[in-house]
Each structure stands twice: as C-alpha cells, then as structure tokens.
Amino acid sequence: MILPLKKYSFILLLFVSLITKAQDFEFTAKVSKNTLGVNQRVRIDFTINKNGADDFAAPDFANFTVVAGPSSSVSQSWVNGKTSYSQSYTFILEPKAKGDFTISPASIEYKGKTYQSNSVKLHVTDKVAVPKNPNDPHYLAQKNIFLVASVSKTNPYVGESIYVEYRLYFNGNVGFYNAQFSEIPKYEGFWNQEIEIPNQKPKAGEYKGEAYHYYTLKKAVLIPQKSGKLYINPIKMDIMVEVPTGRYDFFGNPLTRRVNAHYTSEKKLVRVTALPEANKPENYTGAVGDFSLHISSTKKTLKANESTQINVKIAGTGNLKLFEIPKINVPSELEIYTPERTQNVHTTLSGLKGSITDSYSIVPNYKGKYKIPPVSFSYFNPKDKQYHSVHSEPIILEVTEGKTLNSTSDSLVAKQWVKSNGGDFRFIHTDPLTFVAERPDFFTSRWFYWLLIIPFISIPIGVLIGQKKRKRAADITGNKIRKADKLAKKYLSEAKKQLGHKEAFYVALEKALHNFLKAKLQIETSDISQEKISALLKKYQVSETGIQEFLNVLDRCNFARYTPTTDTMMKEEYNKANKVLHQINNELKIG
C-alpha cells in the first residue's frame, strides 16, 4: 500500500509542476508610444518568455501599413543560477489616417496550446514635426525624458497652502546619468518651505496617456502672500542620457550613445484670489486654514507672589507662523511678563501642521479673585470659503494668601523718619556709654597722598586718550572699515552660528543679505527680483563688481541647498558675503 501511494504522489507533483510551468508562460504586446502623428511610425513588439513556442501569427494591422517586420530577436541570460529567456517579434507600423485604433492580439503555440497576446490601443493625431533622422540621439533624448511641474491648486486664496511637485519622467528605452539642477525657481510672491523626499526610488506612472517611470525630484509648500497673477518659474536640469542608436551588436544587443541634454519644466501660472471683505471679523490677523484655540492655566489657586502660567495655543493646519496669536488681558493688580513662544510645526502637502503656543507668566501681588477675560481668534477656511471665530472661557485666579488690596496696615503705609525740634523731649539714653578710639589725622594718611598724586597721573593719561580719539575720528577710511565690519558681523552673526548645518546656514545667509538691504535702503527685498535689486544698487552708485558679487552670493545660497556642500565651502561663502557687505556699505551713496 505504501508503494502505490508514493507513486501517485510523484505523479501528482509532476502534474502540478507541469501546470505551474504552463501558467508561467507569458505572451505580451507592447508599443513604443501610444500617441503619434499621422506622419510618424510606431514600433510594436510581441514577446514570449519561454523557449519552444512556434507558429507565430501576426494580427491584421488594419489602418496601418507594415513598414518593416517581422524581425525576430532572442535574449537569454543566467544570473545566480536562474535562467531568463525572451523572444520578440517586431513590426514597424505607419498609420494610414488619424483616429483611435486598436491592434488586435497576435497568437502563438506553446506545447500544443494556443496563446494570445493583449490588444493595444493607439491614438493617431494630425501631422507633427519630425527630424530628418528619427534615430538622432538628441531627438530621442528629448522624446523619452520629460521634466514636469504640477501644482496642486492654481486658484488659491491669499494665505492658502498649495504645493508644487517636480517629476522626471523617463522611458525604459533610455538611461540617464549625472542629473543636476542648473536653475532652481525662487517662488517670488510665495512663502515657501521644501519637503524632504526620503528613499528616492523610481515609480511607475503615466504621462500624456503613456506608461513611464518617474522620479519625484522636489516638493515645496507654497503660501501666496498677495493676490493677482503669480508665476512659478521653470526648474532646469542638465542630464547625460544614454539612447539607442537603432543598431545592434553581434549578439543582438542594442548599441547606445550618450549625449548631454537640457530639460526645462513649464512655467506655471497661479491666480491668487484676495480674501473676501464681507463678514471679515475685526480681530482677524491673516490666519488661513483650519484651526482651534486652547487656553489653559497651570494653577488657578495660588498665593501672592507665586507664579502661574497661562498658555494660549493655536493648533491646526494652514499658514501657521504667518499670523498673530491673540494676546490676553489681565487686571492691573497682576504682573504679566513677555510670553515665551513654543512652536511644534512640521510641513505637509496640505500646509504647515502642528501648534504654536505663547506662555505668559502671571504673578499676583494681593489676595483676592481675579478674572482673565475670554480670548477670541478668527480664521478663514478655504474649504467652505467662510470666516470662523472661536472663543475661550474666562479664567478665574484665586489668590488665597497675601496682602489685601484695601488694607491700611503698616505693610501698606510708607515709612517715615521721626523729625525732632528744640521743644520736644529727647529720648533718654539708658545703655552704658562706650568710647570710640580717636581716628588718625586725614592729612597724614595714605589716602591723602594718593589723592594728591592721582591728578598728576590722570592728566597725561587723559591727554593720550584724547589724542588717540581725535586721531581715530580723523581716520575716515578706518572708521568706515570698522563700521562696515561691525555692520557685517551684526547681519552675519546668525549665519556664522549655523556653519556646518547646510540648510540652516544658507537660509540664514540669504536672510542676512536681504536684511542688510532692508536696513540700508529702507525697502522690503523678499518680494522683489534680482533685477530690481540690481537697479536699486545702481541707483545708489554701487559698482558693477559689487552688485554682481552680491547677486552671485544670493544665487549660491539658493543653489547650494540642493547640491553637496562641505564645511570649507560654507566658510568660503561666509567670507565672500562678509567681503561684499563691506564693499557695498562703503560704496552706497545715500543722500
């Protein structure tokens, strides 16, 4: 009984193995592109993954002319003990007319069974411009790789969070190397924050109806700061692309060629709508999003001169950091200190998310009950296009111990010295008399001689100091250098603290340059272009060299955030910024 059972088991396993192998057979049809002009050609490949298939039957290519084919190619490899096999039947087709067409399945026999491929849909348009040589490497590089910018919303409100995403789409027929940004948009008119993209891997996607793979290059949250038309400038890249030449080696493998190609995304227009004036609350300070208000106190019962902390917290998603948090009002009998701000905010595609808290320290001086009035906060929600107002409850502080506010006790009465006149009785001294030793004569003491000598020493010292000050005041060039050095250190102090931290350093450095111009020229520079900055500096007679160096440092601040940077490079950039601030400060002619 055991022997037949083993025999049947072996037959069953063999049968299952044969079924599995048969199920692994694949027969697919794939085209080089799904959309083409009526004057273009398309390549279609019918591919099988098992050796031994026979009797291939091509479909009826209705509405197409077969320009070439079928041509057959075979590819077989062994990797880590595993065998892969591929055999393709290739046709080159040319459409006869424009329209939407479907290429029906092809058929083939494998181990006595007939298999069919999938059908393929093609969209044929009007004539398009094509190069004289369709295999030109530069043409193929441009037709197989696309740099695409997409904006989540093109008609937001002022203060509403949107995001821009940059993708690099590529066809599997090409490869690319050494992809580098050559120009990064500055998002003029927007507050912006980059979003980190971890684990960068290619993903399958679709572009203009055709299958591609893509990399997500950059994402940034944008918050428009003014209404009207705002533009997101293109992002530009230089890429080394490996493209097929249309020729094959002895083994049937395609020969490729590498070319340098330049890619630019589209310029995006964003039409920003102003916030409605109707029903705008009086206490509105610019919050746009969805928020909540929380007021809390660490102690509600305490003694006089003890402290409690009142926290005003705004939480939610939107343009956090870009509006004012409501302030609290307290009775005059309570001491209130400048609040400490705590931010717990992170950037998401829907905007800034988290909370901002102002913590007030309150110290009562007198016993009693004190009411801290309610706090109100208003925001605009773009989803329902309405203003919302939220209110807190009043906070009652009870001070149980301490001085009473209306008390007339000695502790609240100013102390006065007792005054006496000749007609009053004097106090009778009842304590034993004590005698004080006689002090030495001042004119024979050491202090007398020191005070006599000090004027003779101080006069020449004062003369020397005065001469040095006059000499320094007369040194106009030196004073300018010292003043410029002090000014540069003032604006570059934060950047110096951030040396070694790439992102924070370049943000601080860029802010220092803008703050310098803001202070010297009394202008806002965050919303103006480099061309306007250049024109302003020319107006105040700054040299072309100084202007160009200033703009170069600004450019490098933006570009260096997205390229590898060393500590040495940051120190060099800091020194260049220091130098250019000196130069511009000396050259500025402000009447």
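# Briefing: salt bridges, a helix face and a surface patch

Glu165 counts as buried, at 7% relative accessibility (buried means under 20% relative accessible area, exposed over 50%, partly exposed in between, with a 1.4 Å probe and protein chains only). This is a predicted model, in which local features need pLDDT of at least 70 and side-chain atom pairs count only at pLDDT 80 or more, while totals for chains, interfaces and linings use all residues. Residues are numbered from 1 along each chain as its sequence is written, and side-chain values use heavy atoms, with hydrogens and water left out.

**Overall make-up**

- The protein chain has eight helices and 31 strands. Helices (H or I, at least four residues) and strands (E, at least two) are DSSP runs, numbered from the N terminus.
- Of the 591 residues in the protein chain, 34% are buried.
- The accessible surface of the protein chain is about 38200 Å². Carbon and sulfur atoms account for 53% of that surface. Accessible areas come from the Shrake-Rupley method with a 1.4 Å probe, and for residues only the protein chains shown count as cover.
- Take the contacts between residues at least 6 apart in sequence: 70% of them join residues at least 24 apart. Contact means heavy atoms within 4.5 Å.

**Salt bridges**

- The structure holds 13 salt bridges. A salt bridge is a side-chain nitrogen of Lys or Arg within 4 Å of a carboxyl oxygen of Asp or Glu.
- Side chains of opposite charge can pair when their charged atoms come close.
- Glu165 pairs with Arg167, and their closest N and O atoms are 2.9 Å apart. Arg167 is partly exposed, at 23% relative accessible area, whereas Glu165 is buried.
- Glu194 and Lys218 form a salt bridge at 3.1 Å, N to O. Glu194 lies in strand E14 (residues 190–195) and Lys218 in strand E16 (residues 210–224), so the pair ties together parts that are 24 residues apart in sequence. Both Glu194 and Lys218 are buried.
- Lys280 and Glu277 also form a salt bridge, with 3.2 Å between the closest N and O atoms. Lys280 is partly exposed, at 31% relative accessible area. Glu277 is exposed, at 61%.

**A four-stranded sheet**

- Four strands form an open sheet in the order E22-E30-E27-E31, with mixed pairing. Two strands pair if DSSP finds at least two bridges between them.
- Strand E22 (301–302) and strand E31 (403–404) are the edge strands, each pairing on one side only.
- E31 pairs with strand E27 (residues 366–372) in the parallel sense, over two bridges. Lys367 stands opposite Thr404 in E31.

- Helix H6 (residues 530–539) has the buried residues Gln530, Ile533, Ser534 and Leu537. These buried residues fall within an arc of 100° seen down the axis of H6, so they line one face of the helix. The arc is that of the directions from the helix axis to the C-beta atoms.
- An α-helix has 3.6 residues a turn, so residues three or four places apart point the same way.
- Exposed Glu531, Lys532 and Lys539 sit on the face of H6 turned away from its buried side.
- Gln541 lies in the loop between H6 and helix H7 (544–560). At 54% relative accessibility, Gln541 is exposed.

- Most residues other than glycine have a negative phi, and most peptide bonds are trans.
- Tyr187 is not a glycine, yet has a positive phi of about 55°. Tyr187 is in the loop between strand E13 (175–183) and E14. At 4% relative accessibility, Tyr187 is buried.

**Surface patch**

- Tyr449, Leu452, Ile453, Ile457, Ile461 and Ile465 make up a nonpolar surface patch. Together they have about 560 Å² of accessible area.
- Patches are made of residues with over 30% relative accessible area and no salt bridge; like charges are joined within 9 Å, nonpolar side chains (Val, Leu, Ile, Met, Phe, Trp, Tyr) within 5 Å.
- Leu452 is in helix H3 (residues 446–474). At 46% relative accessibility, Leu452 is partly exposed.

**Lys33**

- Lys33 is in the loop between strand E1 (27–31) and strand E2 (35–37).
- Beyond its neighbours within four places in sequence, Lys33 contacts Gln40, Arg41, Val42, Leu122 and Glu210.
- Lys33 and Asn171 are 138 residues apart along the chain, with their C-alpha atoms separated by 9.7 Å.
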